[in-house]
Amino acid sequence: MGINILATGAYVPDQKLTNDDFKRFVDTNDEWIRTRTGITERRMAGWEPNWYMGAQAAKQAIERAGISPEDIGMIITATATSDFHTPSLASVIQRETGAVNAAAFDMNAACSGFVYALDTARRFLQTDRDMKYILVVASEALSRFVDFEDRGSCILFGDGAAAAVIEYSDKLYSAALGSDGTGAHFLCARSLQIAPEIKQETGFDDGFTDKPLHKLYQDGKAVYKFAVKALPAAFELAAGKIGATAEDIDWFIPHQANVRIIETAAKHLGVPMEKFIITLDHYGNTSSASIPLALNEAVGKGVIKRGQRIAMIGFGAGLTYGGAIIEY
Ligand code: COA
């Protein structure tokens, strides 16, 4: 059993940050960023809280789906950059959308978040057939956590949100989720400071003790090595469950981290780059929002059509990964 994506929606802030804009913060240049990452510009939230971006994307998806918000049984929001420890973004999005009959919660699987949320939603729809629709939202305000003094990471990320209204269907579906916690400290933003004396006195070191507080830290090379393996592996795990191969897929929507990661994975899978939807050039890496933003854009442009098979593949902090194959 699978899902039907009734409609998608998106919201990105108006404010653009070009590669040249980063010269104000760090020693960098447009050529380095473009050739090493494929990114030209990204959006940056100004006054908008994360929940606002998510709610705008959600409202658009609901309107396009032509459903009543009251028929939504659940809101799942994927985010790694929430405005709050509590409440969940999903609860605030419920307030904004009038989805009064929905359960609401957030999940954090970092850049794999949309695939995790989609598969979670699919399982709820399968086991509770009274639930008509689930609203899946992925919303990220990374610019509030990025370290604008770290040139190796600040240039990668952008802000934005996207949402999908989904329902139960018997369309083709397969998904595989995974994680490798031994790499958890390679990509992190810690919210608890352990006093340095404790490390000295006890020798305690969880791999995070020297990482900055409330700022995104990444070991770029370690994450890159993980990503080039995780991207094809997550697809193959999902495809293997239904005996599919890359040739059965019309469109690949990978997490939009770095075009070099995608090119390496494409080569591994023997798939031409033309089959990969790329939006990182204008949005950068928007974490969990990157896959649904790309889906929304490709559908909006008429590139992805009903009946086509899509493989969505996420990877990111955790280190998490997940692949989902759906029929659009
Ligand atoms: N502008 C100019 N130079 C930069 C730079 C920037 N923004 N960032 C790093 N450099 C420099 C480095 O300091 C280094 O200089 P050095 O040789 O004098 O020491 C040089 O460029 C090469 O750095 P390196 O880290 O080897 O570059 P790279 O080709 O590995 O690319 C990343 C760096 C971060 C782009 C790449 O490792 C990457 O994409 N990693 C994965 C990150 C990711 O996707 N994270 C999110 C996953 S969800």
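Author: Let's start with a working rule: two strands count as paired if DSSP finds at least two bridges between them. Helices (H or I, at least four residues) and strands (E, at least two) are DSSP runs, numbered from the N terminus. The model is predicted, so local features need pLDDT of at least 70 and side-chain atom pairs count only at pLDDT 80 or more, while totals for chains, interfaces and linings use all residues. Residues are numbered from 1 along each chain as its sequence is written, and side-chain values use heavy atoms, with hydrogens and water left out.

Reader: Thanks! How many bridges join β8 to β13, and in which sense do the two run?

Author: In general, strands of a sheet pair through backbone hydrogen bonds, either parallel or antiparallel. Here β8 and strand β13 (residues 320-327) run antiparallel, joined by seven bridges. One spot to look at is Ala176, which stands opposite Gly323 in β13.

Reader: In what order do the strands of that sheet come?

Author: The order is β8-β13-β12-β11, four strands in an open sheet with mixed pairing. At its edges are β8 (173-179) and β11 (251-254), each pairing on one side only. From one strand to the next, the twist averages 10°. For such angles, axes are lines fitted to C-alpha atoms, for helices over the stretch in contact, and the angles run from 0 to 180 degrees between N-to-C directions.

Reader: And which five strands form an open sheet?

Author: That sheet reads β1-β7-β6-β4-β5, again with mixed pairing. Its edge strands, each pairing on one side only, are β1 (2-11) and β5 (103-107). Neighbouring strands are turned by 20° against each other on average, direction ignored.

Reader: Are the two faces of β6 covered or open?

Author: In a regular strand the side chains alternate between the two faces of the sheet. To judge cover we use relative accessible area: under 20% is buried, over 50% is exposed, and in between is partly exposed (1.4 Å probe, protein chains only). For β6, nine of its nine residues are buried. Tyr133, Leu135, Val137, Ser139 and Ala141 lie on one side, with Ile134, Val136, Ala138 and Glu140 on the other.

Reader: Which helices lie across this sheet?

Author: Helix α4 (residues 113-127) lies across β1, β4, β5, β6 and β7 (159-169), at about 165° to β6. Helix α9 (residues 290-300) lies across β1, β6 and β7, at about 90° to β1. Nine of the 11 residues of α9 are buried, including Ile291, Leu293 and Leu295. After α9 comes Gly302, whose phi is positive, near 80°.

Reader: How is the chain divided into domains?

Author: Domain bounds come from an automatic or database domain assignment. They give domain 1 (2-170) and domain 2 (174-327), with centres 15 Å apart, taken over C-alpha atoms. The contact takes 47 residues from domain 1 and 42 residues from domain 2. Asp170 is found in the loop between β7 and β8, and at 71% relative accessibility Asp170 counts as exposed. The C-alpha atoms of Asp170 and Gly2 are separated by 5.2 Å, although the two are 168 residues apart along the chain.

How values were computed:
Contact means heavy atoms within 4.5 Å.
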